[in-house]
There are 2 protein chains.
Amino acid sequence: MSRKYGIGVVGATGAVGREFLSVMEERGFPVGELRLWASSRSKGRQLEFNDEKHSVDVLSEDALSGLDFVLISASGAISREVAPKVASAGAIAIDDSSAFRYDDDVPLVVPEVNAEDLASHEGIVAIPNCSTTPIVQALAPLHDEIPLCRLIADTYQSVSGAGGLAMDELGIQTQAMGRGESVPVNTDVFPHQIASNLIPSIDDPRDDGYSKEEWKVSAETRKIMHLPDLAVSATCVRVPVFRAHAAAVHAEFETPFSVERARSILEGTAGVCVVDDLAGEQYPMPSTAAGNDTTWVGRIRADMSHPNGIVFWVVSDNLRKGAATNSIQIVESMIDQGLR
Amino acid sequence: MSRKYGIGVVGATGAVGREFLSVMEERGFPVGELRLWASSRSKGRQLEFNDEKHSVDVLSEDALSGLDFVLISASGAISREVAPKVASAGAIAIDDSSAFRYDDDVPLVVPEVNAEDLASHEGIVAIPNCSTTPIVQALAPLHDEIPLCRLIADTYQSVSGAGGLAMDELGIQTQAMGRGESVPVNTDVFPHQIASNLIPSIDDPRDDGYSKEEWKVSAETRKIMHLPDLAVSATCVRVPVFRAHAAAVHAEFETPFSVERARSILEGTAGVCVVDDLAGEQYPMPSTAAGNDTTWVGRIRADMSHPNGIVFWVVSDNLRKGAATNSIQIVESMIDQGLR
């Protein structure tokens, strides 16, 4: 690519925002103009990209003109306000929020799984929730072999999924705990202490007893895999880990799936790396995934409770493949496909 | 009970051993003679029970005579050696290891679920693994209403399940992390860093791809619930929490189970407390369970992926109900049943 692309980042100083810059830099993405926006609190802050300092500004509507892609990772409310304006200004919004994910005219994309859906975009593309992305990355190639019927996923999600302030909160609690002090329980981000604790509630509650995060795993898996009736149930749990999300996945297929075949398929899947040697104490962990773009799969075995079931464990960095990297890969895929 | 009982404790200075003493003290259990044993490292240490100091000794065979019950929580090897000698000496061994759990002539008991199995003892009674106990406590009363067909359980297990040294290891890593130092990764108890990490491997690896801990959930649930063919699959994960184990449970029944009925049954179950208000941010957490004897159930909802499924979240203190309390309750139940 000799052409360079004008990129805007909304939420540039956030946990995912900073990863957008790191990922573009590492991948040598051809950035022409770069405009960084955040809340008024961050106005004037300088962020480095390719050894140059860039000032962070507050977004104004006229600042959107002339860009190719705008990467958004702020809040659902900001996405709802900004993304349509991005599209109107002629750029493409790549949105990290859940604001547009379930809209029929907005592609929801993991490039390794459904890059072809990008062609139907109307100026806004959504990326999945960081707990869904690694699950569909592992399930899609298995489903290509034998149709998937049912998914049960129980997640182990790091605090960084709730943003930089949540990481600070676990950090402060960890420090207090390390000093032997009683841990602060009046918390800003989480409703309960998270250090040395588990919070089985992520995002808003729903009337059906599921959290919105759990519902997302279902709705997003169905949309990305083009399986609108797939049976899905999830339990989403926040764990005292700084970075990377994990999930225990129980998948049922139309006919029996050999473990060897499943492993071989996953070993050949782009973006996925299999680490699976229980006897050798090798399996994916958050420490395996933190800071890289790979979706790590291990603990692949037959579901002892179902003749057509496969069980596995998947881990990926929620700020990278779960957010920033997936967004940049979408941008790259759209360029490759001539969609920009 | 006016009679007093002679009690021996093997592994008295360990994480569970100390809980045996606390639990007996709190419950006012009528202890007559109390003999405390541990490894030679701990010989001469003094432990308090009912405001009296008791010396810890190294177990010798003749020291077993004249006791009623011997509570064992050390290693499988020690249990295998000591428990038969306890039975030969005329006392009853209550064993916390997996050494005898699967033997046909050894009852495996959670008193709220299968106290009647105690009658068949031949001098050794086993208690379940700390991850299984809360799961069967919640499943048994539901199964009494509609037969259970299948169980999927993914666990979130605290480090105290691996003993006091494992708690020290997380403590040291937490301190280092709190000071901003790089966390030691060369570890004594766990093969990988556990602070801010997840280790999806507990106990020995098996040839079928499951860990022994995962297999235990299956084998022990089947034995305790008298369902030798129950379909069970588990994923067991160590989490950076000091105390209390949690599990996301997906249970399938022969016919549809109303969520309201399931909740009502669990609310009426002895030993179980339901905390289930997602909108009000109330659900069981390790911080709810640590230090008490209750098995806490919440997040009760329909399994969106199966017409006959119920999903819930269960948390209990692995050192208390998962080990010491369950052992003492077995002793009390045997006395109540006239088995001693």
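Reader: Through what surface do the copies meet?
Author: Compare the interface residues on the two sides. This is a predicted model. Here 100% of the interface residues of chain B are also interface residues in chain A, so the copies meet through the same surface.

Reader: How many residues of chain B are in contact with chain A?
Author: Count each side separately. 54 residues of chain B are in contact with 54 residues of chain A. On the side of chain B, the elements giving two or more residues are β8 (148–157), α5 (164–178), β9 (231–238), β10 (245–253), α8 (286–289), β12 (295–302) and β13 (309–316). That side divides into 29 nonpolar, 17 polar and 8 charged residues.

Reader: Now the sheets. What order do the strands have in the open sheet of 7 strands?
Author: In chain A the order is β3-β4-β2-β1-β5-β6-β7, and the pairing is mixed. β3 (46–49) and β7 (124–126) of chain A are the edge strands; each has a single partner strand, so one side of each is left without a neighbour in the sheet. Neighbouring strands are turned by 25° against each other on average, direction ignored.

Reader: In what sense do β1 and β2 of chain A pair, parallel or antiparallel?
Author: Follow the two strand directions. Residues 5–10 form β1(A), residues 31–37 form β2(A), and they pair in the parallel sense over 5 bridges. Val10(A) stands opposite Trp37(A) of β2(A).

Reader: Which strands does helix α1 of chain A touch?
Author: Helix α1(A), residues 15–26, packs on the sheet and touches β1, β2, β3 and β5 (69–72) of chain A. The direction of α1(A) makes about 25° with that of β3(A). Helix α2(A), residues 76–88, also packs on the sheet, touching β1, β5, β6 (92–95) and β7 of chain A. The direction of α2(A) makes about 155° with that of β6(A).

Reader: What is the strand order in the open sheet of 6 strands?
Author: The order in chain A is β9-β8-β10-β13-β12-β11, with mixed pairing. At the edges stand β9 (231–238) and β11 (272–274) of chain A, each with a single partner strand, so one side of each is left without a neighbour in the sheet. From one strand to the next, the twist averages 20°.

Reader: How many bridges join β10 and β13 of chain A?
Author: There are 8 bridges, and the two strands run antiparallel. His245(A) has Ser316(A) of β13(A) as its bridge partner.

Reader: Which strands does α4 of chain A lie across?
Author: α4(A) lies across β8 (148–157), β10, β11, β12 (295–302) and β13 of chain A, at about 140° to β13(A). Helix α6(A), residues 212–224, lies across β8 and β9 of chain A, at about 140° to β9(A).

Reader: At what angle do α4 and α7 of chain A cross?
Author: Take the axes. Those of α4(A), residues 132–145, and α7(A), residues 259–267, come within 9 Å and cross at roughly 125°. That makes α4(A) oblique to α7(A).

Key. Residues numbered from 1 in each chain as written. Chains lettered and ligands numbered in written order. Predicted model: local features only at pLDDT ≥ 70, side-chain atom pairs only at ≥ 80, totals over all residues. Axes fitted to C-alpha atoms, helices over the stretch in contact; angles between N-to-C directions. Helix = DSSP H or I, 4+ residues; strand = E, 2+ residues; numbered from the N terminus. Parallel < 35°, antiparallel > 145°, perpendicular 65-115°, else oblique. Contact = placed C-beta atoms within 7 Å. Nonpolar A, V, L, I, M, F, W, Y, C, P; charged D, E, K, R; others polar. Pairing = 2+ DSSP bridges.
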